[in-house]
Amino acid sequence: MVNPRGIAQRSARASTWLLGVIAAVLVAWTLKATYLVTMPLAFSFFLSVLVYPVQHALRAQLPRPLRWLSVVVVVLVVLGVLAAGTGLVWIAIDRVAEQAPDYARLVDARWDQFVRWAWQRDVEVERHMVESEQVRQTLIGLLSYGITSIWWGLAMGALIFFLVLLVLLEVRDWREKSRRAFRGQLSDEVLDMVATVAVKLRRYLLLRTFISMLTGVIGGTWLWAMDVQFAYVWGLLLFLFNYIPNIGSIVAVIPPSLTAIIQYGLGRGLIVLGGLTVVQMFLGNFLEPRLEGKSLRVSPIVLMCSLLLWGWIWGIAGALLAVPMTVTIITVCAHIPSLRPLAVMLSQSAHEPIDGEAVLSREQDNPRELALRDEEKEPPPEPDAPTEPTTPSPS
């Protein structure tokens, strides 16, 4: 016998999932269409999460009249790091641009060697398939695109910088705003979710930065030992591209390997490629998982799909933000009972990805922090003094 109530429940459940899929598609399309607004907002949020503990520690050590200096110091540090990184990239591009004509001639010479090798084995290859002028124009075009991308990145960086400044100025008020906006248990759940996301992203970003620095230093040292030109440039490239999971480490080894092939031939180029591959394999597959443990609990195939999705939505910036965005989505879903199955499906194991207990950051339990917070609370308004009744004066 057919149960009408069961059919209605299954139909309602299917309709809910279908509406959820449609909403997800619309959200992805909206994020792609509003790239110039949503991408800087996401970057500023994650950067604020990374630098907030530094600002919080400085603020706790300063007297009350000078606590505003903590934001200034953190902003200056962020600005200095961005300026140093931009300067290094600009110097690297300038060095490569200087040597572009010489490398065009080297490419032409290597091609002639390959053509002679092919003719000796009766393989028909056109001698002028690659013209030095064509190579030079290609290199100049790539450099022009790189310079344009840097200027665009500087504009976005300035916007993100001011957004981070505003977030750091108001971050301490958001806890009280959340308590007032969401009453009771809902307020605790919202604060728990935000604290969990902050702790996970902070741990991931610090670990990724450490691994990227090791990759850049060891890879650059290996290239310097092999006498590959622009060794520090390729070390910087290894550092930057290592922030893109899975694909970035593969792409980053191609330019230095091609440079070694152009300089010394195929044999030295394969040795350079092998050394860089060993470095990437050791750091990415051995050291990083042991340092990371199961803190992220994200399925590898989910990370790859997330990389493709966010790369399609926001380009290179989306590829950089793929892991933080995925961790945030899983954490949010884990704190919403109706979306918890989705969090389990996206996690690395069948266990619940987020513990049910509240995860509070260390600063919330710090007595010094509690004292600072109590000092900042405005005293309640004093009640008006009661007015004495006036008696009419005798006329």
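Let me begin with threonine 215, which is buried, with a relative accessible area of 1%. Buried here means under 20% relative accessible area, exposed means over 50%, and partly exposed lies in between, with a 1.4 Å probe and protein chains only. Before I continue, please note that this is a predicted model, in which local features need pLDDT of at least 70 and side-chain atom pairs count only at pLDDT 80 or more, while totals for chains, interfaces and linings use all residues. Residues are numbered from 1 along each chain as its sequence is written, and side-chain values use heavy atoms, with hydrogens and water left out.

Threonine 215 sits in helix α5, residues 185-225. Helices are DSSP runs of H or I with at least four residues, strands are runs of E with at least two, and both are numbered from the N terminus. A polar atom of the threonine 215 side chain lies 2.8 Å from the backbone oxygen of isoleucine 211. Not counting residues up to four places away in sequence, threonine 215 touches Gly220, Leu238, Asn242, Gln280 and Leu283. Contact means heavy atoms within 4.5 Å.

I turn now to the chain as a whole. The protein chain has 14 helices and zero strands. Of its 395 residues, 34% are buried. Among contacts with a separation of 6 or more, 69% join residues 24 or more positions apart. The accessible surface comes to about 24,600 Å², and carbon and sulfur atoms hold 69% of that area. These areas come from the Shrake-Rupley method with a 1.4 Å probe; for residues, only the protein chains shown count as cover.

Which residues touch the most other members of the largest nonpolar core? They are Trp310, Trp314 and Met325, in a core of 32 residues. At least two residues of this core come from each of α1 (4-33), α2, α5, α10 (300-314), α11 (316-320) and α12 (322-334). The largest share, seven residues, is that of α12. A second, separate core has 17 residues, including Met226, Phe230, Leu237 and Leu238. By nonpolar core I mean a set of buried Ala, Val, Leu, Ile, Met, Phe, Trp, Tyr and Cys residues joined through side-chain atoms within 4.5 Å.

Tryptophan 314 deserves a separate word. This residue is found in helix α10, and it counts as buried because its relative accessibility is 3%. Leaving aside neighbours within four places in sequence, tryptophan 314 is in contact with Leu31, Tyr35, Thr38, Met39, Ala42, Leu321 and Met325. With threonine 38, the tryptophan 314 side chain makes a side-chain polar contact at 3.4 Å. A polar contact is a pair of N or O atoms within 3.5 Å; within protein, one must be able to donate a hydrogen and the other to accept it, and residues adjacent in sequence count only if both atoms are side-chain atoms. Tryptophan 314 and leucine 36 are 278 residues apart in sequence, yet 9.1 Å apart in space, C-alpha to C-alpha.

Finally, the surface. Val54, Leu58, Val73, Val77 and Val81 form a nonpolar patch there, with about 400 Å² of accessible area together. Such a patch joins nonpolar side chains (Val, Leu, Ile, Met, Phe, Trp, Tyr) within 5 Å, from residues with over 30% relative accessible area and no salt bridge. A salt bridge is a side-chain nitrogen of Lys or Arg within 4 Å of a carboxyl oxygen of Asp or Glu. Both α2 (35-61) and α3 (68-120) supply at least two residues of the patch, and α3 gives the largest share, three residues. Leucine 58 belongs to helix α2 and counts as partly exposed because its relative accessibility is 33%.

How values were computed
Patches are made of residues with over 30% relative accessible area and no salt bridge: like charges are joined within 9 Å, nonpolar side chains (Val, Leu, Ile, Met, Phe, Trp, Tyr) within 5 Å.
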